[in-house]
Amino acid sequence: MNKEITKKLNGEIERLTNQTFKFDDRIKEGWFSAVYFLKTKEIAEKLKPDNKVTMQFFQKGEAVLCGSDEAIALIHTFADDPEQLEIHALKDGDKISPYEPVLTVTGPYQSFGYLEGIIDGILARRTSVATNVYNVVKAARSSGKQKPIIFMGDRDDHYTQQAGDGYAAFIGGSTAQATHAMNEWWGKTGMGTMPHAMIQIFEGDIVQATKAYYEQYPDDNLTVLVDYNNDVISDALKVAREFGDTLKAVRLDTSNNMVDKYFLRNQHLMGTFDPRGVNPQLIFALRDALDAEGYHHVKIIASGGFNEERICAFEKENVPVDMYGIGRNLLKIKIGFTGDNVLLNGKPQSKEGRQFWPNPRLEKVNYVKSE
């Protein structure tokens, strides 16, 4: 496990630092800051060097905060004389309310003000992902049993975002993620079994593909992707009959514009539901088919277009899914943060409507030198 996150989880340190985040050094040069912040920094240095401002950060919804450690590490790494700044903040994983300040920074504007937009962006992305994941994890236990969520967002955004998104997903409650990079900040390794490409190189022969996988990775919990031939029940039974107790799970990822061959063979079932993609009736039929041959132990993993609403609908119907895989829907940025200067030399001074909002939940942050 990552050394720094281990220390945090053990209570040895309060927050993660740049040892984890590894910021781009060009931040110090203002490379990622809006130019008007850089101009304001210059004017403050020349004309108002002794002023102290308090900057306050908030958002407008019910959310799960993430990015607090990262924002503080950013300030401690790049602000001038960061040990002189007074910082108060909530913590990653805290539930937050509309307009509740999550971070305040007090000190000379020229020391840290140019970081405002970067802090907004960190908090917005991390909190959005953490909140999205929290909501689907909550949905996945709405039937009374917590079903795991696999974070599969590697193909839905630029690869450089994986470490931060993976950490935010961890804060939101996902404990299984697709790539090693997604696990980098919180100390695990990626998990996964076979993609469609692996079945393709065995010409669609699901049994031969599974044999090859098992020979190479005999210590893995054998999980097989069964929708390649658009016949999930037939292929699931083929691998179950071949591998028996060794088979731990099957995953179906049927495209939302496809109708599984099971329904084409049983057209009398259709007419009262949408038969496309991974639908409840297909999963019920798969569970029944596995159970009928004694494969009660084989779990079912569902992926492909799932979100909070769809999981809630599945759970309401008690669809026998044991685990959900979700990608792009967890990466939607729905939460925006705003940083405002609200005090000047300890006295109220702010844009109309953005006054200082004291928050007793904020905790004083001690300065920790970044390495």
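User: Start with α6 and α7. At what angle do they pack, and how far apart are their axes?
Analyst: Helix α6 (residues 116-139) and helix α7 (residues 162-172) pack at about 40°, with axes 7 Å apart. Axes are lines fitted to C-alpha atoms, for helices over the stretch in contact, and angles run from 0 to 180 degrees between N-to-C directions. Helices (H or I, at least four residues) and strands (E, at least two) are DSSP runs numbered from the N terminus.

User: What kind of model is this?
Analyst: This is a predicted model, where local features need pLDDT of at least 70, side-chain atom pairs count only at pLDDT 80 or more, and totals for chains, interfaces and linings use all residues. Residues are numbered from 1 along each chain as its sequence is written, and side-chain values use heavy atoms, with hydrogens and water left out.

User: Back to that pair. What do you call the arrangement of α6 and α7?
Analyst: α6 and α7 are oblique to each other. Angles under 35 degrees count as roughly parallel, over 145 as roughly antiparallel, 65 to 115 as roughly perpendicular and the rest as oblique. The crossing of α6 past α7 is right-handed. Right-handed means the near helix is turned clockwise from the far one by less than a right angle; anticlockwise is left-handed.

User: Which residues make the contact?
Analyst: From α6: R125, R126, V129, A130, V133, Y134 and V137. From α7: G164, D165, A168, A169, I171 and G172. Contact means heavy atoms within 4.5 Å. By class, there are eight nonpolar, two polar and three charged residues. Ala, Val, Leu, Ile, Met, Phe, Trp, Tyr, Cys and Pro count as nonpolar, Asp, Glu, Lys and Arg as charged, and the others, Gly among them, as polar.

User: How do α4 and α6 sit, then?
Analyst: Their axes come within 9 Å and cross at roughly 160°. That makes α4 roughly antiparallel to α6. α4 passes α6 in a right-handed crossing. S68, E70, A71, L74 and I75 of α4 meet I118, I119, I122, L123 and R126 of α6. The contact of α4 with α6 has seven nonpolar residues, one polar and two charged.

User: And α6 against α13? Which residues touch?
Analyst: The axes of α6 and α13 (residues 308-316) come within 8 Å and cross at roughly 5°. That makes α6 roughly parallel to α13. N135, V136 and A139 of α6 touch E308, I311, C312 and E315 of α13. Four of these residues are nonpolar, one is polar and two are charged.

User: Switching to sheets. What is the strand order in the antiparallel one?
Analyst: That open sheet has six strands, in the order β13-β12-β1-β5-β3-β14. Two strands pair if DSSP finds at least two bridges between them. The edges are β13 (347-348) and β14 (363-364), each pairing on one side only. Strands β1 (residues 53-58) and β5 (residues 103-107) run antiparallel, joined by five bridges. V53 faces G107 in β5.

User: Which strands does α4 touch? And α6?
Analyst: α4 (residues 68-78) packs on the sheet against β3 (86-89) and β5, at about 175° to the direction of β3. α6 touches β1, β5 and β12 (338-344), and its direction makes about 25° with that of β1.

User: What about the parallel sheet? Which strands stand at its edges?
Analyst: This open sheet also has six strands, ordered β7-β6-β11-β10-β9-β8. β7 (176-177) and β8 (222-225) are at the edges, each with a single partner, so one side of each has no neighbour in the sheet. β10 (residues 299-303) and β11 (residues 323-326) pair in the parallel sense over three bridges. A302 stands opposite Y324 in β11.

User: Last topic. How many salt bridges are there?
Analyst: The count is 20 salt bridges, with a side-chain nitrogen of Lys or Arg within 4 Å of a carboxyl oxygen of Asp or Glu. One of them joins E14 and K91, with the closest N and O atoms 2.9 Å apart.
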